[in-house]
Amino acid sequence: MSDATSEHERLPRRPRIISRFICQELLFDYYCDRLDEERKSAVQTYIKSHPEIQDEIEQIKTATDYCQKLSLTRVTPNYLSQLKEAKTLPQKVRQNLNWRKWPESLRWTFEALTVSVLIAVIAIATPWQKLEVLQILQQKSYEIFVSKNKTDPAEKIDLPKVVDAKVETNEVAIETVKEEEKNKIIDSSQKTLVVAADKPEAVKLVKPSKPVEVALVKKPMGRLYRFMMAAKNSESVSTKTIEKIRQLGGAKAGQVDLGWKKKNPDGYYFHFEMPKANYNELVKTLGGYGPVRIYDNPHERVMPEGQIRIILWIEEKAPEVRQNIKVESAIENSTPQPKGDSESDANTENSETLTPSSISDEATKEAPAE
Amino acid sequence: MLTDKELEKISLFYYFAFLEEKKAQQAAIKTVRQMQVLRTLSEDTESRNASLIKITLDIFTKEKIRQKSGIVGLTSEFLNLPPNSNWGPWFEFKKASNEREFLTVIYSQILGFSDQSIARGLDLPMGTVRYRTGRGLKLLGSIHGPVANV
C-alpha cells in the first residue's frame, strides 16, 4: 500500500516560468500577497531577472500609500446632518401640506377659500334647470275635481290623454278641443270638468241622466256682405258713398282703396269694414241712390266682434227703356213676379234675384285674396 | 436607515468622483433619498455595501453628463482634508485614467470596500475588479512619482 500511495504522490513539478505580460498582470496580487506559492515564486524569479518590474511594484506601493492618506478625509458633522435631513419629494410635499402647522391667518384664509370654492362648484354643477322644470310641471299639472252625484253611483270612465281640454256644461261652444276628442262622447254634468294631463286612468266622473253628445266642432266662420247696385251717375254716387262710409267709421278691408274704378265691367268697387251698428244706416243711404241687392254669405275670414265686412259694387244704371220693356212684358204675362230685384233688404240672408255672375265672380276673386 | 459611516462613504465617493463640491452634494442628497425610498437594505454588511455601490454608480452615471467641463475644486467647508494633502496627482489621475478603473480605485482604496462587495455591486467577476484596481494604481503611481509626497 505504501508503495501505491507514493506512486500517486505528486511528482515535483518544475518551477513555473511566466512571461512578462503574466508577471505584470500578477503584480498587484503579488503586492497584496494573494498569490499561491507557485505563482509567487514565479513572479519573484521573474522580478530578480528583470529589475524594471520592480519599478512597477514601487508605483503600486506609492499609489496605495497615497490612496491611504486620502482615505483619511472626513466629512463634517454639519454636512452629515444635512444629508440625514434630506427628504424625498413626497415627504416634502406631505410636510408642507400639514396645514395644522401653518400660521393661523394662512389657515383661516385657506379654509375660507376652500369653502367658497366648494359652494361655487355646487352652485355650478347643480342642474337648476331641471329642478325648475319639475316645479313648472307640477304647477301646470291639472287636478281632477270629482263631484259625486248623490243619486247615481260614480263610475270610472277612461279618458284619453288630453292636454288643455275643457268642456263646458250644456254650452253650445267648445272653444278648443284636440283632434282626438272631436268624436268622443263626453259626459257633461252641471259643473265644469277639467281633465288632468297625465292621469287619464285616475278619473272618476258622474254620468248624468241625459248625456249630451258633442259632435264635430266646426271652426268658426265669418260673414261677408255683398252689395250690388246700379245707380245713375255712378261716379257721383261712388264719391258720396265713400264719404258716407268714412262717416260711418268704415275703412278699407282689402288692398284697393274705397271706390276703386274698375273697367270691363265698368263700375266702382268697395271693400271695407265698418261697425255693425251702422249697417242699417248704410243700407238706407245706399237705398236712396237706387235699388240694392244684398247677399250674406259665410266666409272663412272672421271679423272682430262688432265689425262687418262688405263688398259693394256700384255700376252705371241701364237706360229706362229697357226697364220699361221688362215691366210691360211682365204685365202682359200677368204672372206674379217675385219682388226683390229693386228693393233692398237689410237682413237678407240669401240672394233674392239673379246675380250678375261676372260682377260677383270678380268681386269674389279679390275677397279671398284679402 | 443609513448609518453615519455609510452616509460618509456616499459623500466621499461623490467628492472624489466629481471633484466638484456642489455636484457632489446634489448627488449625495439624491442617493440618500433614493436609499430612503428603497427601505429594503439588507442587514448583511456585504449586501448593504453592494447596494450602496450600485446606487452610487447609477447616480454618478446620470449626473456626470450634466457636469461642466473643468474641475471647480473642493473646499474645506464640508470636508476635513488630511494635513498636508496633495490633490494634484488625484486630479491628474481623474483626467488620465479610464473611468471604470478610476471608480474601482475609489471604491477599493479610498472607501475601503471589499473586492467581493465591489464585484457584487458592479456585477463583475472578482478578477476583473482586481485587474482594474491594479491598473488604476499603477497609473496613479506613475503620475504621482516615485516619492509619495502626502
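The following dialogue reads selected features of a predicted two-chain model, chains A and B.

User: Which conventions apply to this model?

Analyst: The model is predicted: local features need pLDDT of at least 70, side-chain atom pairs count only at pLDDT 80 or more, and totals for chains, interfaces and linings use all residues. Residues are numbered from 1 along each chain as its sequence is written, chains are lettered from A and ligands numbered from 1 in the order in which they are written, and side-chain values use heavy atoms, with hydrogens and water left out.

User: How many aromatic pairs does the structure hold, and how is such a pair described?

Analyst: A pair of aromatic rings is described by the distance of the centres and the angle of the planes. Rings of Phe, Tyr and Trp (its six-membered ring) pair if their centres lie within 6.5 Å; planes under 30 degrees apart count as stacked, over 60 as edge-to-face and the rest as tilted. There are 16 such pairs over all chains.

User: Which parts does the pair of Phe13(B) and Phe60(B) tie together?

Analyst: Helices are DSSP runs (H or I, at least four residues), as are strands (E, at least two), numbered from the N terminus. Phe13(B) belongs to helix H1 (residues 4-18) of chain B and Phe60(B) to helix H3 (residues 45-63) of chain B, so the pair ties together parts that are 47 residues apart in sequence. Ring pairs also join both residues to Tyr14(B), Phe18(B), Tyr107(B) and Phe113(B) in a cluster.

User: Are Phe13(B) and Phe60(B) buried or exposed?

Analyst: Buried means under 20% relative accessible area, exposed over 50%, and partly exposed in between (1.4 Å probe, protein chains only). Both Phe13(B) and Phe60(B) are buried.

User: Why is strand S11 of chain A described as largely enclosed?

Analyst: Seven of the ten residues of S11(A) (residues 307-316) are buried, so the strand is largely enclosed by the rest of the structure. Two strands pair if DSSP finds at least two bridges between them. Strand S6 (residues 222-231) of chain A runs parallel to S11(A), with eight bridges, and Met228(A) stands opposite Trp313(A). Strand S9 (residues 267-275) of chain A runs antiparallel to S11(A), also with eight bridges; there His271(A) has Ile311(A) as its bridge partner.

User: How many salt bridges cross the interface of chain B and chain A?

Analyst: A salt bridge is a side-chain nitrogen of Lys or Arg within 4 Å of a carboxyl oxygen of Asp or Glu. By this rule, three cross the interface. Glu56(A) forms a salt bridge with Lys138(B), the closest N and O atoms being 3.9 Å apart.

Methods. Contact means heavy atoms within 4.5 Å.
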